[in-house]
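I opened the structure to look at its strands and how they pair. My entries follow.

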Amino acid sequence: MDLTLSDLQSSILTALDSLTKGYSAPDLHDAPLSTQSETLDRELRDGGFLDVMSDPELGAVTAAIIVERISRLPVASETGASMFFGGALPAQSSSAVAVMSGARAPFPIRYLAPGTRIVVLEADRTSYFVAQPDQIRAEPESLYAYPVATLLHMPDDRATLEIRPEEAQRRWRVALAAEIAGLLRAALDSTISHVSEREQFGRKIATFQAVRHRLAQAHVNTNSTYWLAMKAAATETPEDAAMALWHAQESARNAVYDFHQFLGGMGMTLEHPLHLWTYRLKALISELGGRAGNAAAAADALWPREMPTARR
Amino acid sequence: MEFVWTEDQREFRERIKSFLAELLPDDWERFSQHGPASPALTEYAETVCAKLAAEGLLIPHWPQDHGGAGLDPWYQTILAEEMWRAGEPRGGQYMNVNWIGPTLIRYGSEEQRRRYLPRIAEGRALWCQGFSEPGAGSDLASLRTRAEQAGDEYVINGQKIWTSYATLAQTCFLLCRTSDDRKRGITILLVPMDTPGIVVRQIPSLIGEGDIHEVFFDNVRVPVTARLGEEGQAWEIISYSLRNERLGIPRYALARAALDRAVKILQDRGEFDAPLVRAEAAKAVALCEAARTANYALVSLRARGEELTAESSTARFATVNCERSAAEFVVEYVPNALVDEHPFLKMHHQRAIVAGIASGAAEIQLNVIASDVLHLPREAR
């Protein structure tokens with residue numbers, strides 16, 4: 001048992017921080033609804049950061065560490081799906097990967113664009129297709145702070161992937177929990193900056209205990225979300241994955257409300273970048289059945305239901 | 001980053017489990033409802049701790065110079081998890097091995113180490129912690145019990161309250177005021193409880209008999225050599241002690257065991273099919289595992305020789321969350337536990353009552369996190 005970063009993991013994060021340095025400072029006065037960088041996406045791919053899952057020395061824990069760190073950035077960069085599913089997809093391509101739970105359409109999907117490789121988590125199989133232009137409606141006014149488009153039609157001719165449905169769900173839970181952990185940390189940091197400067201009643205907002213305690217609780221939950229995500233990546237058990245995502249979504253729901261309360265009017269505007277993290281969190285709160293779905297999944301993994309015995 | 005135990009660590013855990021399975025009496029679960037500070041459990045704990053000491057399982061994480069085996073903090077964690085999972089049969093002696101001993105090793109004089117450490121290492125010592133006062137609970141720095149130096153003695157006058165183990169303890173780890181400086185005016189004295197002038201009164205409680213007391217000090221005289229560290233050094237010393245204390249009590253292990261037991265009871269009754277009940281149980285387990293990993297993150301740092309930081313308050317608050325969640329699950333879905341039908345669950349509930357209060361209230365942990373982890377600006381005093 002050793003929860004500190006290995007030397008190799010530390011080196012990877014140092015390199016990653018160096019690469020993303022130019023993308024880490026949000027525009028404080030004119031934040032867009034969502035923002036992406038093709039250059040960053042290419043540099044992450046070319047730098048090999050998205051390929052660590054296939055390296056036996058690194059694997060899922062390092063992948064989760066990278067997902068968590070990249071999701072702190074103000075720019076949205078698709079990493080979790082590529083890292084946790086890319087190796088299982090037949091076509092090698094540089095296009096983004098999107099994962100959807102259930103074969104449902106019309107439905108909004110993050111990072112959906114022509115050419116996006118879509119993994120569909122179904123009850124009895126894991127399927128896959130490449131999105132075509134006529135299947136997509138762009139959603140430029142989406143509040144979710146990710147690039148989002150609606151999948152209009154679910155194609156019938158989806159290929160079947162060699163990943164058991166339970167395993168696919170487990171992987172996706174780990175990737176999402178790691179992403180939420182990074183978003184929570186960045187949103188907390190952004191909120192702390194604001195309340196440490198903004199004054200009301202002649203005092204900085206951060207000096208009020210009503211604010212301090214809720215931020216401290218957000219830190220406790222963010223810390224636990226991170227560690228549960230890492231543990232789930234390491235143990236590869238369905239119960240750890242489901243508990244990690246439930247905890248992440250529960251923490252996100254509380255934190256998003258609190259952070260916007262503390263920013264007041266400023267958090268409603270695009271003059272502050274908080275929404276880049278909080279509205280991404282809102283997008284992820286509903287994944288895989290939301291808190292109810294993931295708590296139920298955790299229960300089923302912890303205490304499997306007995307199969308009904310056949311009557312004679 | 002690795003989440004697997006070494007072979008040696010697994011064997012160590014199995015050794016403790018086997019030891020406890022052989023040692024604990026058949027009626028342990030009912031017996032454990034006696035509070036950790038009750039005469040019955042204190043007497044029993046002395047037997048348990050003497051046997052643990054003989055097996056090398058009482059202080060394996062202490063340095064070899066002081067009777068330990070010099071094992072790394074993971075072994076302390078494994079030992080503590082198994083003890084708490086069983087309901088902590090070491091009673092009040094858990095404090096000795098977790099923080100009183102290590103604090104004496106770090107700050108004590110040679111004479112103090114010689115006097116106190118061997119008895120702790122043999123499993124025969126019981127201490128009480130003279131911290132809280134009627135006017136100084138969470139606001140510990142406002143304590144008023146005074147120690148005036150008179151020649152080569154201190155004369156102590158004042159009152160402590162909510163003191164566990166006070167009736168049976170041999171020694172009190174006492175915080176006294178030696179000057180008016182709020183924090184730098186506090187000094188630690190190691191006071192034998194049979195010193196004339198000390199009066200102890202028990203206060204009946206929810207958490208078991210013999211657990212909570214008032215302690216009165218009326219012209220109590222101790223030699224200057226009873227002082228731990230320098231005058232005014234108490235705040236520094238207890239900050240070190242409490243960080244060890246917060247990490248040394250793996251309440252999540254007992255909370256998880258209680259949840260597993262509650263689920264088994266519900267399954268046996270055929271009452272564990274409702275999706276909402278199952279989900280509530282899973283959430284409580286998730287909070288236990290959240291507390292466990294938050295604690296493990298700190299144990300990892302300590303195993304690498306790093307000092308514990310204010311992040312120990314983060315792990316402590318996560319632990320309070322899990323204790324609360326487990327206890328509330330039992331109250332809601334296995335209500336007969338609290339009327340004695342399920343002794344293990346009642347024992348857990350009684351232990352859980354103090355989770356957010358003892359060794360620094362949960363809200364104080366939030367204060368520490370806000371100031372020392374998040375570095376939020378403080379209001380000017």
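**Strand pairing in chain A**

I began with strand S4 (residues 126–130) of chain A, which pairs with S7(A) in the antiparallel sense over 3 bridges. For strands to pair, DSSP must find at least two bridges between them. Strands (E, at least two residues) and helices (H or I, at least four) are DSSP runs, numbered from the N terminus. I looked up one bridge: Tyr128(A) has Ala159(A) in S7(A) as its partner.

The model is predicted: local features need pLDDT of at least 70, side-chain atom pairs count only at pLDDT 80 or more, and totals for chains, interfaces and linings use all residues. Residues are numbered from 1 along each chain as its sequence is written, and chains are lettered from A and ligands numbered from 1 in the order in which they are written.

Next I traced the sheet around S4(A). This open sheet of 4 strands has the order S1-S3-S4-S7 (chain A), and its pairing is mixed. Its edge strands, each pairing on one side only, are S1 (97–101) and S7 (159–161) of chain A. Neighbouring strands here are turned by 30 degrees against each other on average, direction ignored. For such angles, axes are lines fitted to C-alpha atoms, for helices over the stretch in contact (C-beta atoms, placed from the backbone, within 7 Å), and angles run from 0 to 180 degrees between N-to-C directions.

I then checked helix H5 (residues 165–197) of chain A. H5 lies across S1, S3 (117–121) and S4 of chain A, at about 115 degrees to S3(A).

Lastly, I found an open sheet of 3 strands in the order S2-S6-S5 (chain A), with antiparallel pairing.

Notes
Contact = placed C-beta atoms within 7 Å.
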